[in-house]
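Welcome! Take a moment to look over the sequence and the 3D view, and then let us walk through them together.

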Amino acid sequence: MMKVFFIDDFSPYLELFPELSKTQLKIFVMYGHGITPERITLELNITLNTFYSHIKYIKDKYQVDSSSELRGIFYARRDSHYMRSLKKLTRKI
(Lines give C-alpha, C1' and ligand atoms only; values in the text may rest on other atoms or scores of the structure.)
Protein backbone atom coordinates (compact mmCIF):
# COMPACT_ATOMS: atom_id res chain seq x y z
CA MET A 1 0.00 0.00 0.00
CA MET A 2 1.23 3.50 -0.78
CA LYS A 3 2.57 5.42 2.17
CA VAL A 4 1.21 8.82 3.06
CA PHE A 5 2.89 11.69 1.23
CA PHE A 6 5.37 13.75 3.20
CA ILE A 7 7.30 16.64 1.71
CA ASP A 8 10.60 14.99 2.59
CA ASP A 9 9.73 11.49 1.33
CA PHE A 10 8.82 11.03 -2.30
CA SER A 11 9.68 7.32 -2.39
CA PRO A 12 6.04 6.18 -2.51
CA TYR A 13 5.74 7.82 -5.92
CA LEU A 14 8.86 6.34 -7.52
CA GLU A 15 6.98 3.30 -8.79
CA LEU A 16 4.07 5.40 -10.09
CA PHE A 17 6.20 7.76 -12.14
CA PRO A 18 9.43 5.91 -12.98
CA GLU A 19 9.92 7.94 -16.16
CA LEU A 20 10.59 11.15 -14.21
CA SER A 21 13.88 12.29 -12.73
CA LYS A 22 13.98 12.81 -8.96
CA THR A 23 13.57 16.57 -9.30
CA GLN A 24 10.74 16.21 -11.81
CA LEU A 25 9.06 13.70 -9.52
CA LYS A 26 9.23 16.03 -6.53
CA ILE A 27 7.84 18.93 -8.53
CA PHE A 28 5.10 16.81 -10.10
CA VAL A 29 3.98 15.27 -6.81
CA MET A 30 3.92 18.58 -4.98
CA TYR A 31 2.13 20.25 -7.88
CA GLY A 32 -0.32 17.35 -8.09
CA HIS A 33 -1.12 17.83 -4.42
CA GLY A 34 -2.00 21.46 -5.11
CA ILE A 35 1.08 23.09 -3.63
CA THR A 36 1.67 26.46 -5.26
CA PRO A 37 4.62 27.02 -7.59
CA GLU A 38 5.98 29.64 -5.20
CA ARG A 39 5.91 27.22 -2.27
CA ILE A 40 7.49 24.46 -4.36
CA THR A 41 10.35 26.73 -5.37
CA LEU A 42 10.97 27.61 -1.73
CA GLU A 43 10.82 23.99 -0.55
CA LEU A 44 13.10 22.72 -3.33
CA ASN A 45 15.37 25.77 -3.43
CA ILE A 46 14.87 26.35 -7.16
CA THR A 47 13.86 29.39 -9.18
CA LEU A 48 10.39 29.93 -10.59
CA ASN A 49 11.89 29.68 -14.09
CA THR A 50 13.36 26.28 -13.20
CA PHE A 51 10.00 25.17 -11.85
CA TYR A 52 8.20 26.15 -15.05
CA SER A 53 10.90 24.53 -17.19
CA HIS A 54 10.35 21.26 -15.35
CA ILE A 55 6.57 21.57 -15.63
CA LYS A 56 6.89 22.16 -19.39
CA TYR A 57 9.15 19.13 -19.73
CA ILE A 58 6.71 16.98 -17.74
CA LYS A 59 3.77 18.18 -19.85
CA ASP A 60 5.75 17.36 -22.99
CA LYS A 61 6.64 13.92 -21.61
CA TYR A 62 2.97 13.13 -20.95
CA GLN A 63 1.86 14.91 -24.14
CA VAL A 64 -0.57 17.28 -22.43
CA ASP A 65 -1.07 21.01 -22.84
CA SER A 66 -2.71 22.15 -19.64
CA SER A 67 -2.06 22.01 -15.93
CA SER A 68 -5.45 20.40 -15.36
CA GLU A 69 -4.57 17.56 -17.77
CA LEU A 70 -1.26 17.14 -15.98
CA ARG A 71 -2.97 16.94 -12.60
CA GLY A 72 -5.44 14.49 -14.14
CA ILE A 73 -2.56 12.14 -14.97
CA PHE A 74 -1.26 12.47 -11.42
CA TYR A 75 -4.64 11.68 -9.87
CA ALA A 76 -5.40 8.84 -12.30
CA ARG A 77 -2.16 6.98 -11.55
CA ARG A 78 -2.33 7.65 -7.83
CA ASP A 79 -5.97 6.61 -7.54
CA SER A 80 -5.42 3.54 -9.69
CA HIS A 81 -2.62 2.51 -7.35
CA TYR A 82 -4.87 3.05 -4.33
CA MET A 83 -7.60 0.91 -5.89
CA ARG A 84 -5.19 -1.95 -6.68
CA SER A 85 -3.85 -1.79 -3.13
CA LEU A 86 -7.37 -1.82 -1.71
CA LYS A 87 -8.32 -4.85 -3.81
CA LYS A 88 -5.27 -6.74 -2.56
CA LEU A 89 -6.11 -5.81 1.02
CA THR A 90 -9.75 -6.90 0.77
CA ARG A 91 -8.76 -10.25 -0.75
CA LYS A 92 -6.70 -11.00 2.35
CA ILE A 93 -9.62 -10.33 4.69
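How many helices and how many strands does the secondary structure of the protein come to? There are four helices and zero strands, where helices (H or I, at least four residues) and strands (E, at least two) are DSSP runs numbered from the N terminus.

## Getting your bearings

This is a predicted model, in which local features need pLDDT of at least 70 and side-chain atom pairs count only at pLDDT 80 or more, while totals for chains, interfaces and linings use all residues. Residues are numbered from 1 along each chain as its sequence is written, and side-chain values use heavy atoms, with hydrogens and water left out.

Read from the N terminus on, the elements follow the order α-α-α-α. Of the 93 residues in the protein, 34% are buried; buried means under 20% relative accessible area, exposed means over 50%, and partly exposed lies in between (1.4 Å probe, protein chains only). The protein has an accessible surface of about 6,100 Å², and carbon and sulfur atoms account for 55% of that surface. These areas come from the Shrake-Rupley method with a 1.4 Å probe; for residues, only the protein chains shown count as cover.

Contact means heavy atoms within 4.5 Å. Among contacts between residues at least 6 apart in sequence, 51% join residues at least 24 apart.

Helix 1 is largely enclosed by the rest of the structure, because eight of its eleven residues are buried. The buried residues are Gln24, Leu25, Ile27, Phe28, Val29, Met30, Tyr31 and Gly32. Just after helix 1 you will find Gly34, with a positive phi of about 85°.

Helix 1 packs against helix 3 at an angle of about 90°, and their axes are 10 Å apart. Axes are lines fitted to C-alpha atoms, for helices over the stretch in contact, and angles run from 0 to 180 degrees between N-to-C directions. The two helices are therefore roughly perpendicular, a label for angles of 65 to 115 degrees (under 35 counts as roughly parallel, over 145 as roughly antiparallel and the rest as oblique). On the helix 1 side, the meeting involves Thr23, Gln24, Ile27, Phe28 and Tyr31; on the helix 3 side, it involves Phe51, His54, Ile55, Tyr57, Ile58, Lys61 and Tyr62. The residues of this contact divide into eight nonpolar, three polar and one charged. Here Ala, Val, Leu, Ile, Met, Phe, Trp, Tyr, Cys and Pro count as nonpolar, Asp, Glu, Lys and Arg as charged, and the others, Gly among them, as polar.

## Helix 2 and Pro37

Helix 2 also packs against helix 3 (residues 48-62), at an angle of about 105° and with the axes 9 Å apart. This pair, too, is therefore roughly perpendicular. Helix 2 contributes Pro37, Glu38, Ile40 and Thr41 to the contact, and helix 3 contributes Leu48, Phe51 and Tyr52. Five of these residues are nonpolar, one is polar and one is charged.

Where does Pro37 sit? Pro37 belongs to helix 2 (residues 37-44), and it is buried, with a relative accessible area of 16%. Leaving aside neighbours within four places in sequence, Pro37 touches Tyr31, Leu48, Phe51 and Tyr52.

## Aromatic rings

A pair of aromatic rings is described by the distance of the centres and the angle of the planes. Rings of Phe, Tyr and Trp (its six-membered ring) pair if their centres lie within 6.5 Å; planes under 30 degrees apart count as stacked, over 60 as edge-to-face and the rest as tilted. This rule gives eight aromatic pairs. One of them is the stacked pair of Tyr13 and Phe74, at 5.9 Å centre to centre with 25° between the planes. This pair links distant parts of the chain, 61 residues apart: Tyr13 lies in the segment before helix 1 (22-32), and Phe74 in helix 4 (residues 67-92). Tyr13 is buried, with a relative accessible area of 0%, and Phe74 is buried with a value of 0%.

Phe51 and Tyr52 form an edge-to-face pair, because their ring centres are 4.9 Å apart and their planes are at 80°. Phe51 is buried at 0% relative accessible area, whereas Tyr52 is partly exposed at 44%. One aromatic cluster is formed by Tyr13, Phe17, Phe28, Tyr62, Phe74 and Tyr75.

## Two loop residues

Most residues other than glycine have a negative phi. Asn45, in the loop between helix 2 and helix 3, has a positive phi of about 55° although it is not a glycine. Asn45 is exposed, with a relative accessible area of 72%. Gln63, in the loop between helix 3 and helix 4, also has a positive phi of about 55°, and it is exposed at 73%.
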